[in-house]
Amino acid sequence: MEDKLKVINFLQDFGCAKLEHLQKLFEEKNNNFKNILNSTMISKKGDIFVHNTKSIDDKMLIALDILCKYKNRLSKYYLGYEPVVITFLTKENLLYHIIVADEENKKGIVKLVNTYPNSISKADKLILVFPDELELENIECKIEFLYCTYPGYEILNE
């Protein structure tokens, strides 16, 4: 029951998650998480679980994909403040912000990143996720960042 509540609380905070996200983040590879559907708070659309007070958020799903790639290094994670989707702390005590851009806001995200730390709370590293590689040359950020593209999650700078 306590584990079920943790998953429901996670979905309440983050809004939505794919089955694979829940399996990885809660370390339950063989769980299909159907037990949380018994509650009136969670519904499922395809392989995406959604809290009934939220809607499917593509940026959140992309940020969760990235977060899962860091699962073995995670100490804790939580929602960020716009434009940051998720902030997480690693076991090495490094603070990361995941920022996801889409076609409509990618120029604005570049402007915000270039004015760091005035427009984004402090972090040790940024993970910038864009739909294409076109904005990489426009980023002049004062801290270390990874620039990757989705849906393939290819890192374009190291």
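Reader: Is Thr90 buried or exposed?
Author: The relative accessible area of Thr90 is 1%. Buried means under 20%, exposed over 50% and partly exposed in between (1.4 Å probe, protein chains only). So Thr90 is buried.

Reader: What kind of model is this?
Author: Residues are numbered from 1 along each chain as its sequence is written, and side-chain values use heavy atoms, with hydrogens and water left out. Local features need pLDDT of at least 70, side-chain atom pairs count only at pLDDT 80 or more, and totals for chains, interfaces and linings use all residues; the model is predicted.

Reader: Which side chain makes a polar contact with Thr90?
Author: Thr90 is found in strand 5 (residues 84-90). Strands (E, at least two residues) and helices (H or I, at least four) are DSSP runs, numbered from the N terminus. A polar contact pairs N or O atoms within 3.5 Å; within protein, one must be able to donate a hydrogen and the other to accept it, and sequence neighbours count only if both atoms are side-chain atoms. At 3.1 Å, the partner is Glu92.

Reader: Which residues does Thr90 touch, not counting those up to four places away in sequence?
Author: Contact means heavy atoms within 4.5 Å. The residues touched are Arg73, Leu74, Ser75 and Tyr96.

Reader: Why is strand 8 largely enclosed?
Author: Strand 8 covers residues 144-149. The rest of the structure encloses it, because the buried residues number five of the six.

Reader: Which residue of strand 8 is the bridge partner of Leu128?
Author: Two strands pair if DSSP finds at least two bridges between them. Strand 7 (residues 125-130) and strand 8 run parallel, joined by six bridges. Leu128 is bridged to Tyr147.

Reader: Which strands stand at the edges of the open sheet?
Author: Three strands form the sheet, antiparallel, in the order 1-3-2. Each edge strand has a single partner, so one side of each lacks a neighbour in the sheet: these are strand 1 (16-18) and strand 2 (42-45).

Reader: At what angle does helix 3 run to strand 1?
Author: Helix 3 (residues 58-69) lies across strand 1 and strand 3. Axes are lines fitted to C-alpha atoms, for helices over the stretch in contact, and angles run from 0 to 180 degrees between N-to-C directions. To strand 1, the angle is about 50°.
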